[in-house]
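This report is an introduction for a reader new to the structure. Please keep the sequence and the 3D view at hand while reading.

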Amino acid sequence: MIIRRQKAWNGTFISVPQGMFGVANASIIETAGSVRLEYRTTTYTCTMNPMRHTMPALLTYDDYCLIPDDGKRYEVIHGELFMSPSPIYRHQRISMSLTLILGAYVEETGAGILVAAPMDVILSEHNVVQPDVLFISKGRTSIITEKNIQGAPDLLIEILSEGNRRHDEVVKRKVYESFGVQEYWVIDPVLETIKVYRLEGDRYAKAVELSVEQGDVLTTPLLRAFECTLADVFKI
């Protein structure tokens, strides 16, 4: 969470998460490449990476809930805090198209529950994510609570944005794989492609890549008889 810039001893400007832990009342100790915040009995160290903030103590869902609602997306992965800016127009249009297409099928068949962001998915105490779209099959809806999803959905969908490609395609893919998410779709708005990862045993098989250019049709064994053209997904 980047709120203000603190000048370190060597003249470098470091990102400091003001507001989240009451920086106004914290002791700021400057070191090369980082700023250490000592607040009450807890110490947090923020690195210079604008997407990632490394902290000695692993963050939990309770810590995550303290983050103010500022329009950005925050996630906790392996106890570390990640921030992404609010999505752009095309991202949201694709998310809406896909939600409407999948939602119509799920509603008609009663296959389960479809939810669009924002919705917290608690995979573990130190792993809290906000996928763009998620699906939970009918027999597993017990993981849905009023405030969040507590467990791995059957299907998670992420739409790539500028600057988050590695985060979604590498970091989150490995997390979703390790927690047993059956399918993971990665949507590229620029290339107009969808990579589909399906769990085989405890690992994702090699991604199947579909594209508008090839006239591909999206299907999934999770939703029997469901199909839609990629052209419909990317039509805005």
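## Terms and model

Helices (H or I, at least four residues) and strands (E, at least two) are DSSP runs, numbered from the N terminus. This is a predicted model, in which local features need pLDDT of at least 70, side-chain atom pairs count only at pLDDT 80 or more, and totals for chains, interfaces and linings use all residues. Residues are numbered from 1 along each chain as its sequence is written, and side-chain values use heavy atoms, with hydrogens and water left out.

## The chain as a whole

The protein chain has 4 helices and 20 strands. Of its 236 residues, 47% count as buried; buried means under 20% relative accessible area, exposed over 50%, and partly exposed in between (1.4 Å probe, protein chains only). Contact means heavy atoms within 4.5 Å. Among contacts between residues at least 6 apart in sequence, 47% join residues at least 24 apart.

## Residue V181

V181 sits in the loop between α3 and β15. This residue counts as buried because its relative accessibility is 0%. Leaving aside residues up to four places away in sequence, V181 touches A152, P153, D154, L155, L156, Y176, L199 and Y204. Between the C-alpha atoms of V181 and Y197, which are 16 residues apart along the chain, the separation is 9.6 Å.

## Helix α2

The expected span of a helix is 1.5 Å times one less than its number of residues. For the 21 residues of α2 this gives 30 Å, which agrees with the 30 Å between its end C-alpha atoms. After α2 comes G110, with a positive phi near 65°.

The buried residues of α2 are H91, I94, S95, S97, L98, T99, L102, Y105 and V106. An α-helix has 3.6 residues a turn, so residues three or four places apart point the same way. The cover over the buried residues of α2 includes β9 (112–116), β12 (133–137), β14 (155–159), β15 (183–188) and α4 (230–233).

## The largest pocket

On a 1 Å grid over the protein atoms alone, a pocket is an open set of points where a 1.4 Å probe fits, with protein on both sides within 12 Å along at least five of seven lines; lining residues have an atom within 4 Å of a point. Grid points are joined across faces, edges and corners, and a volume is the space filled by probe spheres set on the points.

The largest pocket has a volume of about 500 Å³. It is lined by 22 residues, of which D69, K72, R73, P118 and Q130 are the closest to its centre. β7 (73–77) and α2 (89–109) are the elements that give two or more residues to this lining, and the largest share, 5 residues, comes from α2. The lining of the largest pocket divides into 11 nonpolar, 6 polar and 5 charged residues. Ala, Val, Leu, Ile, Met, Phe, Trp, Tyr, Cys and Pro count as nonpolar, Asp, Glu, Lys and Arg as charged, and the others, Gly among them, as polar.

## The second largest pocket

The second largest pocket holds about 350 Å³ of space. H91, L160, S161, E162 and N164 lie nearest its centre, among 24 lining residues. At least two residues of this lining come from each of β7, α2 and α3 (165–178), and α3 gives the most, with 4 residues. By class, the lining of the second largest pocket has 8 nonpolar, 7 polar and 9 charged residues.
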